[in-house]
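Hi everyone, thanks for making the time. Have a look at it first.

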Amino acid sequence: MTTVAARLKPGREKAVLLRHPWVFEGALARVPKEAPDGALLALQAADGTLLGHGLLNRQSQITLRLVAFGAAPVDESTLWQDLLARAVARRGAQRPFACRLVNAEADGLPGLIVDVYGPWVVMQCLCLGMDQRKQHLAEVLAGLVGARGVLERSDSEVRKKEGLGESNGVLWGETPPDLVELLEAGPRGTPVKLLADLHRGHKTGFYLDQARNRALCGQLFEGREVLNLFCYSGGFAVHALAAGATRVLNVDASAEALALARKNLEANGLPVNPEDFLQADIFKLLRGFRKEGRRFDAILLDPPKMAFSAAQVQTAARAYKDLNLQALQLLRPGGLLVSFSCSGRVDPDLFQKILFGAALDARVDARVIHRLNAGPDHPLLLSFPEGDYLKGLVLQVEPLAPEAPL
Ligand code: SAH
């Protein structure tokens with residue numbers, strides 16, 4: 001039981017009553033001196049009503065991250081075990097071989113990401129309170145999933161906002177191999193193999209959030225010549241070729257990513273043509289392609305996050321528009337554009353408007369045939385809309401008929 005409590009300013013309890021897990025510095029009237037950063041601390045309304053409990057960090061603008069709501073006492077000796085067990089249970093007994101087990105705030109565990117790749121667990125601690133408890137969390141997780149090893153990949157930039165540097169390494173058990181092979185449902189139920197670099201790959205080693213979208217794109221790209229932009233380790237390329245795409249041209253700025261993409265094709269017995277792997281800056285490349293008159297039947301556009309703050313939304317919107325405009329101009333009539341944004345600040349409505357602007361400038365009719373988001377293992381908690389980051393639209397694209405003379 002905590003005996004001290006942080007107290008809100010008068011009139012600032014609304015967000016907490018709506019079960020939003022973040023309490024900002026500006027909403028707090030008082031934080032007790034005796035509570036160290038990282039501690040689990042009670043939160044009171046201005047009138048002293050107990051509203052919940054959260055992890056404290058005075059160094060962060062998000063000063064308290066709530067892990068329990070209401071007046072019930074919280075026992076830290078069982079809290080983490082309970083929250084983790086619930087997150088694992090939410091995925092069900094039939095969860096895929098590789099999937100997200102803990103989606104931070106959306107699973108009631110703010111600042112904690114956990115992905116599982118078969119017997120290997122990868123953790124990211126994005127706030128101080130979770131960072132301080134990582135050893136305990138790793139042991140609990142290992143027990144819950146019967147892991148061989150738990151690896152930490154806390155190398156995200158957002159840790160700076162919590163006063164934390166990078167921290168990577170094995171927290172429990174054995175070291176995972178350099179590359180872990182995972183299986184995803186591919187065309188006609190046949191699994192495809194994908195290699196994930198848990199130690200050095202993006203995020204926790206792989207883009208698990210796109211699993212369902214990779215399979216859908218595979219189906220859509222059958223018989224098509226595909227341009228795979230920002231291809232990373234070629235997950236979409238493997239699904240597309242396995243499902244019968246005639247060719248996939250993969251482009252990325254990273255030679256390392258392209259090398260892994262080649263390995264992924266090889267692992268599936270798919271033909272590896274060196275010309276299909278292009279290291280380039282995509283923003284520059286697309287203009288050149290247009291001048292050369294290059295054309296494709298389908299283009300996949302999955303750029304990295306471009307808006308990290310509200311102030312960056314305008315610039316990001318221009319970059320998305322430019323990319324999508326360039327891509328639309330490279331499509332053959334009847335072509336497909338699959339366009340993603342993983343910038344949470346660019347909401348689905350704005351993203352759709354950006355694509356509309358690009359379609360108008362490209363002089364095409366574009367019809368949305370699928371709306372995409374992260375898979376069911378990346379749930380969105382309705383009381384935490386900030387967690388909604390990945391969105392994608394599949395557009396079927398036709399050139400406008402030439403304008404009739406007046
Ligand atoms: N579609 C991928 C994930 C893309 S991640 C998948 O599903 O696995 C974003 C990728 O964009 C990274 O691999 C990064 O190397 C690449 N990238 C970032 N900026 C780039 C640029 N200007 N030109 C080309 N590639 C870029």
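Predicted model: local features only at pLDDT ≥ 70, side-chain atom pairs only at ≥ 80, totals over all residues.

Residues are numbered from 1 along each chain as its sequence is written, and side-chain values use heavy atoms, with hydrogens and water left out.

Let's start with domain 1 against domain 2. How much area do domain 1 and domain 2 bury between them? About 1100 Å², with 59% of it on carbon and sulfur atoms. Buried area here is the accessible area, with a 1.4 Å probe, that two parts lose on being put together, summed over both. On the domain 1 side, Leu55, Arg65 and Val67 supply 42% of the area buried against domain 2, more than any other three residues.

Now the helices. Two packed helices are described by the angle between their axes and the distance between the axes. The axes are lines fitted to C-alpha atoms, for helices over the stretch in contact, and angles run from 0 to 180 degrees between N-to-C directions. Helices (H or I, at least four residues) and strands (E, at least two) are DSSP runs, numbered from the N terminus.

First up, helix α2 (residues 76–91) and helix α4 (residues 134–145): their axes come within 10 Å and cross at roughly 45 degrees. So α2 and α4 are oblique to each other; under 35 degrees counts as roughly parallel, over 145 as roughly antiparallel, 65 to 115 as roughly perpendicular, and the rest as oblique. Trp80, Gln81, Leu84, Ala85 and Val88 of α2 touch His136, Leu137, Val140, Leu141 and Leu144 of α4. By class, that contact has 8 nonpolar, 2 polar and no charged residues. For the classes, Ala, Val, Leu, Ile, Met, Phe, Trp, Tyr, Cys and Pro count as nonpolar, Asp, Glu, Lys and Arg as charged, and the others, Gly among them, as polar.

Next, helix α8 (residues 282–292) packs on helix α9 (residues 313–328) at about 30 degrees, axes 9 Å apart. That makes this pair roughly parallel. From α8 we have Ile282, Phe283, Leu286 and Arg287, and from α9 Ala319, Asp322, Leu323, Gln326 and Ala327. The tally for α8 with α9 is 6 nonpolar, 1 polar and 2 charged.

α9 also packs with helix α10 (residues 348–362), at about 45 degrees with axes 8 Å apart, so α9 and α10 are oblique. The residues of that contact divide into 12 nonpolar, 2 polar and 2 charged.

Last stop, Asp297, which sits in strand β17 (residues 296–301). What does Asp297 contact, leaving aside its neighbours within four places in sequence? Gly223, Arg224, Glu225, Leu331, Arg332, Gly335 and Leu336. Asp297 and Thr246 are 51 residues apart in sequence, and their C-alpha atoms are 9.9 Å apart in space.

Definitions and conventions
Contact = heavy atoms within 4.5 Å.
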